[in-house]
Each structure stands twice: as structure tokens, then as C-alpha cells.
Amino acid sequence: METEYDQVLRSVAQVNIADQIGESGDVDRDGDGVKVSCFTEVFDDVTIQFQIIRLAKQIYVWVGCNSAKFGSLYAAASTRPSNTVSVTSVLGGTSDNTGSGIARRLVLKTGLNIILACNIPKNNPLLEAKAEKVLIRKLIDLGYTMSKPVLLFTLSGKAEDKVMATVKEDHCEDSLTYMGFALHQAKLALEALEVPVGCVILEDGKVIASGRNRTNETRNATRHAEMEAIDQLVGQWQEDGLSPSQVAEKFSKCILYVTCEPCIMCASALSFLGIKEVYYGCPNDKFGGCGSILSLHLGSSQSSDIIEEAQRGKAYKCRGGIMAEEAVSLFKCFYEQGNPNAPKPHRPVVQRERT
């Protein structure tokens with residue numbers, strides 16, 4: 001029995017395959033034929049199925065848990081002259097769904113047009129990250145990837161190809177997993193009508209603390225995601241009887257993943273604490289303390305009088321651009337729904353359904 005997936009994929013594929021087949025019956029001369037790869041992976045007792053169809057100038061990908069359900073369908077391609085990636089929902093998807101971000105990164109990774117169908121369960125960042133990790137690894141094995149600059153997306157939605165060093169290939173897979181955890185915290189903040197920023201802190205590859213913005217809930221402007229996670233760790237370590245020097249030593253081995261570049265306050269705190277490394281999603285083009293406005297992550301190498309007090313802080317490595325579009329999409333959702341804590345008069349708040 002033909003499933004919905006089979007019907008849609010057959011109809012879409014027939015049109016595009018016909019467009020790329022020349023008079024000789026072969027795929028466009030830039031390619032070497034249609035290639036199909038099907039495989040499955042099991043993550044925590046959940047079976048994820050993959051199908052990859054490669055044509056000369058585009059790739060069809062299906063990722064999901066149920067072969068009878070097609071899921072959301074996205075078309076992604078590079079746009080000129082800005083050289084950004086445009087993603088369009090073709091069937092049953094929205095701009096902030098997981099599949100949209102995966103499709104965008106596949107274009108950046110391969111340089112080809114991508115048609116992606118995705119029916120991975122929502123609100124499961126670990127499963128999403130693992131599925132994308134396997135998919136990227138498979139594309140690399142098949143030789144479908146290419147070297148291409150990774151664009152960084154700012155809070156204003158603009159794409160930039162600089163700001164901070166991007167993540168190296170050998171860090172990519174784990175970074176997607178950990179940033180997925182941070183994005184989950186950001187989604188929790190969004191549901192609580194907070195500015196959607198989330199983070200996790202790792203020690204020896206294990207998540208030991210997490211945080212999300214709670215400024216509205218606490219009526220305290222300092223309760224950013226990073227400060228929440230830091231205070232959680234400091235409290236725990238103090239209960240364990242660690243001395244200040246031991247706490248400092250622990251922080252020097254920690255890595256932070258946060259969905260948005262730390263602000264000047266948080267970047268300075270991270271410098272004082274001596275954190276080892278920071279990975280972030282989108283740059284903070286108004287208040288960023290790790291390169292966008294100030295570069296507090298460089299520690300004592302700064303010479304500006306403005307940050308004279310921060311010169312006592314320690315430098316830490318900082319890399320941006322990880323799942324930046326997902327982070328920006330959450331900000332867009334927040335500003336579209338309205339902020340009930342904004343100064344009055346403000347526009348009505350749109351109630352969002354929880355998924």
C-alpha cells in the first residue's frame with residue numbers, strides 16, 4: 001500500500017528528475033546519476049529512518065520515526081547576491097520547526113538545493129540533534145559535502161560571515177547535541193513569556209547545569225540564562241564544601257553552550273570565573289560581550305579604558321554560529337507574540353499553543 005510519503009515524494013521527484021535529465025537520458029552533465037541511500041538508526045529505543053536521494057544539483061532527504069507519515073516538507077536553497085539560505089515551507093511546516101533549521105544547514109554544508117521532509121517528534125532536542133549528526137556524517141561519507149563559509153545570524157536576522165570564529169568540523173557533531181539542549185531551555189523561556197535564551201554548562205562532556213532567562217519571573221534584570229546556570233553550580237559546589245579556589249578550578253574545566261552571544265554583564269562574569277570555553281548561537285549585535293560590542297572573552301589583552309575593570313578577568317575561547325537560525329527564530333516568535341512586561345501601552349500578547 002502506497003503511503004502519503006511515497007505519493008508526495010514520487011510526485012515531487014518526478015518533476016525535478018525530469019528537469020535534470022537531458023536528451024541522452026542521463027542526469028544533468030554536472031552530476032553522475034541519481035543515487036539513493038536508505039538506512040535506519042536507533043537512539044534510546046527510538047528508530048529513526050533516513051532516505052537520501054541525490055540528483056545533480058539537489059538532494060532529497062526524509063528523516064522520521066514513522067514511514068507512513070511524511071511530516072513537514074521544506075525547500076532550501078542559496079540566494080544571491082546575499083549568499084544566504086532561503087527556506088520555504090512546502091507542506092505542513094512552520095519557520096521555527098526543527099526541519100527548517102536542518103534544511104538550512106544542509107544547504108550550507110553541501111552547497112546544493114535541499115528538499116527535506118521531517119517528522120521527528122517535537123520537544124526532543126537530544127533526538128533531533130542525534131538525527132542531524134547521523135545525517136551530516138552520512139552526507140560526508142557519501143561525498144556530498146563541500147567547504148563553505150558558515151553564516152552567522154544576528155538578533156536582527158541579518159546574515160554575517162564574520163563576528164566570531166565558527167565551529168571546526170571535529171566539534172560540529174557534539175556542538176549540535178549540546179546546543180540542542182540549550183535551545184530546549186530557550187523554548188522553555190519562550191513558553192514562560194521570557195526572552196528566549198537558554199544555556200547548558202558541561203564538565204568532562206557531561207551537562208552539569210542548565211539555565212534560561214528568568215528576568216520577568218524574578219523581576220530581576222540580572223537573571224540571564226548564564227547567571228542562572230552559574231548560580232546553580234556555585235550553590236551546589238558550596239554545599240559540597242568546595243573552597244573558592246576549588247570552585248575556580250572547577251570552572252576552568254567547564255564549557256558553556258548558550259543560544260545567544262553573552263551580553264557584556266555575562267561575558268564579564270564568565271571572564272572573572274575563568275571558564276574554559278564558550279559556544280553560542282546567534283551574535284548579540286546590541287549588547288554582545290564576546291566580539292559584537294566588546295571582546296571581554298579576550299581578557300587582559302584588551303586595552304580599552306571602558307573595560308579597565310575587566311582586565312583582571314581571564315581569557316576564554318569563544319566560537320559562534322551554532323544553530324544560529326534556530327536561536328533567531330525563537331527571538332522572532334517572542335517579538336511576534338508580544339511582551340506583556342513591556343512598558344505600556346504595548347500591543348496585545350498573542351497566546352501560543354504549547355506543542
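Modeller: Helix α6 lies across β9 (198–203), β10 and β11, and runs at about 130° to β10. Helices (H or I, at least four residues) and strands (E, at least two) are DSSP runs, numbered from the N terminus. Axes are lines fitted to C-alpha atoms, for helices over the stretch in contact, and angles run from 0 to 180 degrees between N-to-C directions. Contact means heavy atoms within 4.5 Å.

A word on the model itself. It is predicted: local features need pLDDT of at least 70, side-chain atom pairs count only at pLDDT 80 or more, and totals for chains, interfaces and linings use all residues. Residues are numbered from 1 along each chain as its sequence is written, and side-chain values use heavy atoms, with hydrogens and water left out.

Now the setting. The chain has 9 helices and 13 strands. Of its 355 residues, 46% count as buried. Buried means under 20% relative accessible area, exposed over 50%, and partly exposed in between (1.4 Å probe, protein chains only). Take the contacts between residues at least 6 apart in sequence: 59% of them join residues at least 24 apart.

The part to look at is strand β9. This strand is mostly covered, with 6 of its 6 residues buried. Both faces are covered. G198, V200 and L202 are on one side, while C199, I201 and E203 are on the other.

Next, the sheet. Five strands make an open sheet with mixed pairing, in the order β10-β9-β11-β12-β13. Two strands pair if DSSP finds at least two bridges between them. β10 (206–212) and β13 (317–319) stand at the edges with a single partner strand each, so one side of each has no neighbour in the sheet. On average, neighbouring strands here are turned by 15° against each other, direction ignored.

Which strands does β9 bridge to, and in what sense? On one hand there is β10, antiparallel to β9 and joined to it by 6 bridges. In that pairing, G198 stands opposite R212 of β10. The two strands form a hairpin with 2 residues between them. D204 sits in that turn and has a positive phi of about 55°. On the other hand there is β11, also antiparallel, with 5 bridges to β9. Here E203 stands opposite C254 of β11.

Is it buried or exposed? E203 is buried, with a relative accessible area of 14%. Leaving aside neighbours within four places in sequence, E203 is in contact with I208, K250, K253 and C254.

β11 (residues 254–260) pairs with β12 (residues 277–282) in the parallel sense, over 5 bridges. V258 has Y280 as its bridge partner in β12.

Rings of Phe, Tyr and Trp (its six-membered ring) pair if their centres lie within 6.5 Å; planes under 30 degrees apart count as stacked, over 60 as edge-to-face, and the rest as tilted. By this rule there are 6 aromatic pairs. W237 and F251 form an edge-to-face pair, 5.0 Å centre to centre with 80° between the planes. W237 lies in helix α6 (residues 225–239) and F251 in helix α7 (residues 244–251), so the pair ties together parts that are 14 residues apart in sequence. Both W237 and F251 are buried.

R219 lies in the loop between α5 (215–218) and α6. R219 is not a glycine, yet has a positive phi of about 55°. With 75% relative accessibility, R219 counts as exposed.
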